[in-house]
Amino acid sequence: MPRNQVVNIPGISNFTAGRTSLVELLKRKRDLNILPVLLPSGELINFSVGSHNDLQKAIIEQFLPRFGASSAVLYVGDGANKSLWKLDEELKALNFFDISHGILPDVVAYSAEKNWLYLIEAFYSTGTISEVRMIELKKNLKGCSAEVIYITAFLTKADFKKNILDIAWESEVWTADNPDHMVHFNGHKFLAAYSSGN
């Protein structure tokens, strides 16, 4: 009998009725190891489970709605798939550098409303947006047609505190445990009296 031939066994359909097949059980188990993420566009992507991706999910679902000025996610990677979400045409239109470059931040988002390009580093991967990293990024973004905002994101303020010395001036910090606030490393640009009514 050929290897792939289906064999009809009397009573087998009665036996399997109402039972979950092994294939379905394995598939369900595999699906438990994914982290669904809703993009601002309404599309759903799946990250693999892990602290780094928990932070990326928070960036996309908490940071961007608050501070992203109606941004679209142009790029986001995953440990298992470095180009999980990538909009090549949109990146090309902004004269963005080669997406395979090693200095690429974890999340790249663009606000057409403000013409702002957000380069967001989720701290778990390659570290912060440091002075050296910012110099590298600026060099590669010379031809970019958008204003670039550099952000380091942390899961907690405690993680931020441990790495504060590595943050570049002229960049921003956001922590997922305090999602309504940002820390600006921008000197006089944001210097103003704070009104108690705000």
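User: Why is Glu61 called partly exposed in this structure?

Analyst: The model is a predicted one, and the relative accessible area computed for Glu61 is 30%. Buried would require a value under 20% and exposed a value over 50%, so Glu61, at 30%, is classed as partly exposed.

User: What makes the pair of Glu61 and Lys57 a salt bridge?

Analyst: The closest N and O atoms of Glu61 and Lys57 are 3.1 Å apart, and the rule asks for a Lys or Arg side-chain nitrogen within 4 Å of a carboxyl oxygen of Asp or Glu, so the pair qualifies as a salt bridge. The two residues stand four residues apart in helix α3, which means that about one helical turn separates them. Lys57 is also partly exposed, with a relative accessible area of 21%.

User: How do you know that Arg66 and Asp180 form a salt bridge, and which parts of the chain does the pair link?

Analyst: For Arg66 and Asp180 the closest N and O atoms are 2.5 Å apart, which lies within the 4 Å limit, and therefore the pair counts as a salt bridge. Arg66 belongs to helix α3 and Asp180 to the loop between β8 and β9, so that distant parts of the chain, 114 residues apart, are linked. Arg66 itself is partly exposed, at a relative accessible area of 40%.

User: Why does the pair of Asp88 and Lys86 count as a salt bridge?

Analyst: The closest N and O atoms of Asp88 and Lys86 are 3.5 Å apart, and because the cut-off is 4 Å, this pair meets the rule. Asp88 has a relative accessible area of 43% and is partly exposed, while Lys86, at 29%, is partly exposed as well. By this rule the structure has five salt bridges.

User: What makes Phe47 a buried residue, and which residues is Phe47 in contact with?

Analyst: The relative accessibility of Phe47 is 1%, and the limit for buried is under 20%, so Phe47 counts as buried. Phe47 is found in strand β2, residues 44-48. Apart from neighbours within four places in sequence, its contacts include Ile34, Leu35, Val37, Ile60, Val76 and Leu84. Ile34 is 13 residues away from Phe47 in sequence, yet their C-alpha atoms are 5.6 Å apart in space.

User: Is Asp159 buried or exposed, and how do you know?

Analyst: Asp159 has a relative accessible area of 17%, and because that is under 20%, the residue is classed as buried. Asp159 lies in helix α6, residues 157-162. Leaving out neighbours within four places in sequence, Asp159 is in contact with Tyr124 and Phe154, and its C-alpha atom is separated by 8.7 Å from that of Thr175, 16 residues away along the chain.

User: Which residues of the largest nonpolar core touch the most other members, and which element gives the largest share?

Analyst: In this core of 25 residues, Ile59, Val76, Tyr118, Ile120 and Trp174 touch the most other members. Beyond residues up to four places away in sequence, Ile59 touches Leu64, Val107, Ile120, Ala122, Ala153 and Trp174. There is also a second, separate core of 20 residues, which includes Ile103, Ile129, Met134 and Ala168.

Definitions and conventions: Residues are numbered from 1 along each chain as its sequence is written. This is a predicted model: local features need pLDDT of at least 70, side-chain atom pairs count only at pLDDT 80 or more; totals for chains, interfaces and linings use all residues. Side-chain values use heavy atoms; hydrogens and water are left out. Buried means under 20% relative accessible area, exposed over 50%, partly exposed in between (1.4 Å probe, protein chains only). Contact means heavy atoms within 4.5 Å. A nonpolar core is a set of buried Ala, Val, Leu, Ile, Met, Phe, Trp, Tyr and Cys residues joined through side-chain atoms within 4.5 Å.
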